[in-house]
Amino acid sequence: MTNEESIVSIKTDNNSGDSSNALDLGPEGGALLEELKNLTLKRTFDVKTLSPKVTKRVLFLKDIQVKHDELEEKFLEEKAALEAKYDNLYKPLFDKRYEIVNGVVEAGTEKGVPNFWLIAMKTNEMLANEITERDEGALKYLKDIRCCRVENNSRNFKLEFLFDPNPYFKNSVLSKTYHVTDDDDDGPVLDRVIGTDIEWCPGKCLTHKVVVKKRPKKGPKKVNNIPMTKTENCESFFNFFKPPEIDEFDEFYTTMDQELQNLTDQDYDIAVTIRDKLIPHAVSWFTGEALVDEDEYDDDENND
């Protein structure tokens, strides 16, 4: 709970004459009362309009909130440690999955599972919407997707896409890193996102397309027969690795600012889907069983 979310100022009336209902705040309560008086809050409701009895009750509520926030901070510390512990327990399972998918070890009579990650990604609706038909050729070379923490911070994470040698680009790993900070006013805030510059092979760039345009009928006839070409951006899953730039916060939003915010939100939603759904449950997405779980979850939400 932040200062701006807390009660800002408390007005007491020492001359109310209601000593029977007065609450003894003690030294700590007095200090807390002074703190609340000095806070400012950007909202229409003014706590100065509360009666003296109610303001004293709010002081006690404030003390409860402080104790809650202390417990919450401890919870987040223990949660980070627990997540790190289970990440280590998950790793051998993910390594074994990698070996079977990519034919490093045999599982039955054949080696490897062709197009494992492409099929798993296309089964998820959010990811499928990002994948174009042109992308599929490159994604067939995807051999693993991994997630790791950054700087031992439970909020910061890095996604890594590992590729076999392919005719589309020279990179063996495409990565995306998300840095999240705790803002005093808004809680967790996406601070910066770092993508990968893809080294495309000549003529194989999937994030651009060449558009042919006819020349206007002016000048020598021979020149007019030569078409004009122009390179334009196009839809592609690989645009994911070039994140939208996050500027400094501007309280005066413009249409462009809101559009950028929407792009940033969508980008982060895709990353979280990959981190929390695709990577841990890739086999279920490949087989389609994850769709059943998603439908059951949606039904439960609707029933609630």
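Helix α2 covers residues 52–101, and its 50 residues should span 74 Å at 1.5 Å a residue; the end C-alpha atoms sit 68 Å apart, which agrees. The model behind these numbers is a predicted one. The helix does have a kink to look at: α2 bends by about 30° at Tyr-90, with a proline, Pro-92, following within four residues.

As for which parts of α2 are covered up, the buried residues are Thr-55, Lys-56, Val-58, Leu-59, Lys-62, Asp-69, Arg-97, Tyr-98 and Val-101. In α2, Thr-55, Val-58 and Leu-59 are among the buried residues, and so is Lys-62.

Past the end of α2 comes Gly-103, with a positive phi near 75°. Another positive phi turns up at Asn-115, this time in a residue other than glycine, with a value near 60°. Most residues other than glycine have a negative phi. Asn-115 belongs to the loop that links α2 to α3 (116–123).

Next in the chain is α3, which is mostly covered, with six of its eight residues buried. Those six are Phe-116, Trp-117, Leu-118, Ala-120, Met-121 and Thr-123.

Aromatic side chains also get together in this model, and the count comes to 21 aromatic pairs. One of these joins Phe-238 and Phe-241, whose rings are tilted, at 6.3 Å centre to centre and with 35° between the planes. Both Phe-238 and Phe-241 are buried. They also belong to one aromatic cluster, together with Phe-161, Phe-163, Phe-169, Trp-200, Phe-237 and Phe-240.

Then there are the pockets. The second largest pocket has a volume of about 500 Å³. Its lining is made up of 16 residues, and those nearest the centre are Glu-130, Ser-236, Asn-239, Leu-263 and Gln-266.

Conventions. Residues numbered from 1 in each chain as written. Predicted model: local features only at pLDDT ≥ 70, side-chain atom pairs only at ≥ 80, totals over all residues. Heavy atoms only, no water. Helix = DSSP H or I, 4+ residues; strand = E, 2+ residues; numbered from the N terminus. Expected span 1.5 Å × (residues − 1). Bend = angle between axes of the 7 residues up to and from the residue. Buried < 20%, exposed > 50% of the residue type's maximum accessible area, 1.4 Å probe, protein only. 1 Å grid on protein atoms, 1.4 Å probe; cavity = no way out; pocket = protein on both sides within 12 Å on 5 of 7 lines; lining within 4 Å. Points joined across faces, edges and corners; volume = space filled by probe spheres on them. Phe/Tyr/Trp six-rings, centres within 6.5 Å; stacked < 30°, edge-to-face > 60°.
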